[in-house]
Amino acid sequence: MSTASHSSETNFLPLIVEPEQLQEHLDDPQLLIIDVPANGDSYRQGHVPGAIYLDFRYLMRGEGPVPNDVPTVEFLSRLFSALGLTRDTHIVAYDDEGGGWAARLLWTLELIGHTRYSYLNGGIHAWRDAGLEESSEAVAPTPSDYHAEILNPQVLITCDEIKQKLDDKQFAVWDARSKGEFDGERGNNKHLGHIPGAVNMDWLDVMDRHRALRIRDYAELVTELGALGLTPEMEIATHCQSHHRSSFTWLVGKALGFNMRGYAGSWGEWGNRDDTPIEK
Ligand SMILES: O=S(=O)([O-])[S-]
């Protein structure tokens, strides 16, 4: 069995890759394109040529008090071996919903120290919008022997850490849920509302609906986030209900140069405990 180590350092594609850029690299042997759609039929209907399919449910633990938590390292080792990850693989992830599940995959890779990755900006919608060729042929992965360990634990933030940091002026919480959930008017949790001091920018508002769900203009986003009190110097925890939508805000924050951490427990944990402060 191989031992855990960070991925190779140099990336041949940027963090956020455009369809045309990806197309130029489709034949690169180090490239592993992963389609992780919200709707399982999306892959069958058409995917980027050579892309393999990943069921998004494998990115969460699926059991225990916080089912949306990170899977065990044993599970992640099996998962990434089945997908064929090696230290030199450059992963490009995308989905059919503007980046939520793709970003959860990339966030998980960052957590295990595999930083050779990109997000296909806008996912399959942008690929289609660019008029590029699609395939409907299923691609089988070539398994590897990948040994996962949590090598970048700071990419994750826990409930207790957030509680301890709430009075820290250099710390902020970006709640990626809808306004209704943030205001405590919607949700199926024991307690509704938000983390005290959190700011709300819905993940959908980060996507450009006129540009096939690509990430909106960076300068505009930085200005809007700044107006909410989020700046690149701060440590920012982001969450939603189960760290799916907020994986995308984590990725976008990272692309903008912010210091982001993902709260995997999210409101599924915070809103169902009795020892967490809540504001409405
Ligand atoms: O998108 S979600 O994790 O909040 S259900």
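Among contacts in the protein (heavy atoms within 4.5 Å) between residues at least 6 apart in sequence, 76% join residues at least 24 apart. The model is predicted, so that local features need pLDDT of at least 70 and side-chain atom pairs count only at pLDDT 80 or more, whereas totals for chains, interfaces and linings use all residues. Residues are numbered from 1 along each chain as its sequence is written, and side-chain values use heavy atoms, with hydrogens and water left out.

The protein contains 10 helices and 11 strands, taken as DSSP runs numbered from the N terminus (helices H or I, at least four residues; strands E, at least two). Its radius of gyration, 18 Å, is close to the 19 Å that the globule rule gives for 280 residues, so the protein is as compact as a globular protein of that length; the radius is taken over C-alpha atoms, and the rule is 2.2 Å times the number of residues to the power 0.38. Along the principal axes, the C-alpha atoms fill a box of roughly 50 × 45 × 35 Å. Of the 280 residues, 53% are buried, that is, under 20% relative accessible area, with exposed meaning over 50% and partly exposed in between (1.4 Å probe, protein chains only). The protein exposes about 12100 Å², of which carbon and sulfur atoms supply 49%; accessible areas come from the Shrake-Rupley method with a 1.4 Å probe, and for residues only the protein chains shown count as cover.

Around the ligand (a heavy atom within 4 Å) lie Cys240, Gln241, Ser242, His243, His244 and Arg245. Taken alone, the ligand exposes 210 Å², and the protein buries 79% of that.

In helix α3 (73–83), the buried residues are Leu76, Ser77, Leu79, Phe80, Ser81 and Leu83, and their cover includes β2 (31–35), β3 and α4 (100–111). Just after α3, Gly84 takes a positive phi of about 90°. Pro65, in the loop between β3 (52–53) and α3, is exposed, with a relative accessible area of 82%.
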